[in-house]
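Subject: Structure handover

Hello,

Here is the structure for your files. My notes follow below it.

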Amino acid sequence: MITIRKSEDRGHADRGWLQSHHTFTFGSYHDPAFMGFRALRVLNEDTIAAGKGFGPHAHRDMEIVTYVLEGALAHRDSMNERHTLGPNEVQTMSAGDGVVHSEFNASETEPVHLTQIWIEPAVEDLPPSYQQVSFAPEEKRGRLRLLAAPHGASAPGATLIHQDARVFVTELAAGQEVEYQLDPGRHAWAQVVRGAIALNGQRLSQGDGAAVSEERSLVISGDSTSGDEVLLFDLP
Amino acid sequence: MPALVVVITFYSRSGATETLASSCAVGAVQGRALIRLRRLADANPDQAMADHPEHRETLRQMFREYVAPAEADMLGADAIVIVPPPGADPTAAGWQEYLALLARLGSEGKLAGKAGAVVNTGDPQTLAAFSRAITAIGLAMVPAGPLAMDGATAQSAIDHGRRVAGVARALKQAAET
């Protein structure tokens, strides 16, 4: 069963310097029908104006995965981590029992466009941690590139999350396909972050998402000419 | 019970006191509180950068990332924590205005039942002076724990933040029963 969440049905916040689209309940956007999907709690598409960002704020017990589409995001936190995140990188911050961080557009001239993902951890009160991994663009072209996975997963080059979930990205040319097999009892979420795709024949445009349950095989095919990019979540 | 809110106000130029304030915030989060981190504003940010060129980039970053404490922050807080840099003077400009705001709110009964704390940043005289000011305002003082005996460390600030959250929660629960 595939249930599509259309882009235009998402929550939207306009703070001037921030344009944010919320697939699930977040901040002042609340929809009891969309509180998350399985362990996936937050899926936001943010565009942050040049030089602007989120001042120091705290998180607890959440796996926060950030994926930049265009631009660069400056991060610093209470673990003394200071990094800049760009395209073809993934950042995972495990908030654990408490972390304070800020996120700002690293550019004074260009906006940054990103997707931020919150996944509920399987265990609370862990020590906080920060990871950032870069990869070559070729690693996601025409195949699923693993961005985040739990301990024990065969996942070199992926960030660690404390949940039995996996996050992939793929970039597809028009007509190009990737296939993914879901184990019995597993669920998936697909989120189109660029272009358009077909998921088992159902068309999804940029910003659209799809909840997948009781399916074993997922076929994702590129459906535009501009380089389609999709995040795929394999969820318990 | 509504969420517990801890407001932490600091002043920092080099980033050292900011680190302790952030650590205190982490402790409060460990104590399951929401936090608001506020930096006392410089009267003249450009002058501050000109006077301390060695901290120019750190100052620029803090000017960008933090807002100054406001009355609404204090009214919404269950605990008010001050993190003064070593050598700070409660009667100096900036701190004096901030403490006067707290004193006025205290005299109006608007800080009743709230906890207060001053984080040790390495100078006993600074700690003592600000602790006296907080006590005079009428906040329920939360002293640092034994870890602070080892000096001003991130871990002692975390521990202090956690203790503040615990005391503030107990005060809030007592007020609601």
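An open sheet of four strands in chain A runs in the order β16-β21-β18-β19, with antiparallel pairing. Strands here are DSSP runs of E of at least two residues, helices are runs of H or I of at least four, and both are numbered from the N terminus; two strands pair if DSSP finds at least two bridges between them. At the edges are β16 (177-181) and β19 (202-205) of chain A, each of which pairs on one side only. From one strand to the next the twist averages 25°, with axes fitted as lines to C-alpha atoms (for helices over the stretch in contact) and angles taken from 0 to 180 degrees between N-to-C directions. Five antiparallel bridges join β16(A) to β21 (residues 217-222) of chain A, and A:Y180 stands opposite A:L218 in β21(A).

This is a predicted model, in which local features need pLDDT of at least 70 and side-chain atom pairs count only at pLDDT 80 or more, while totals for chains, interfaces and linings use all residues. Residues are numbered from 1 along each chain as its sequence is written, and chains are lettered from A and ligands numbered from 1 in the order in which they are written.

Chain A also has an open antiparallel sheet of seven strands, ordered β2-β3-β4-β11-β6-β9-β12. Its edge strands are β2 (11-14) and β12 (129-134) of chain A, and its twist averages 15° from one strand to the next. β2(A) pairs with β3 (residues 18-22) of chain A in the antiparallel sense over four bridges; the bridge partner of A:G11 in β3(A) is A:H22.

In chain B, helix α6 (residues 124-137) has 14 residues and reaches 20 Å from its first C-alpha to its last. That is close to the expected 20 Å, the expected span being 1.5 Å times one less than the number of residues. Its buried residues are B:L127, B:F130, B:A133, B:I134 and B:I137; buried means 20 or more other C-beta atoms within 10 Å of a residue's own, exposed 12 or fewer, and partly exposed in between, with C-beta atoms placed from the backbone. These residues lie on the same side of α6(B) because they cover an arc of only 135° around the axis, the arc being that of the directions from the helix axis to the C-beta atoms. On the other side, B:P124, B:Q125 and B:A128 are exposed. Just after α6(B), B:G138 takes a positive phi of about 105°.

Between the chains, 12 residues of chain B are in contact with 11 residues of chain A, contact meaning C-beta atoms, placed from the backbone, within 7 Å. The largest share of the chain B side, six residues, comes from α1(B).

Regards

Notes: Two residues are in contact if their C-beta atoms, placed from the backbone, lie within 7 Å.
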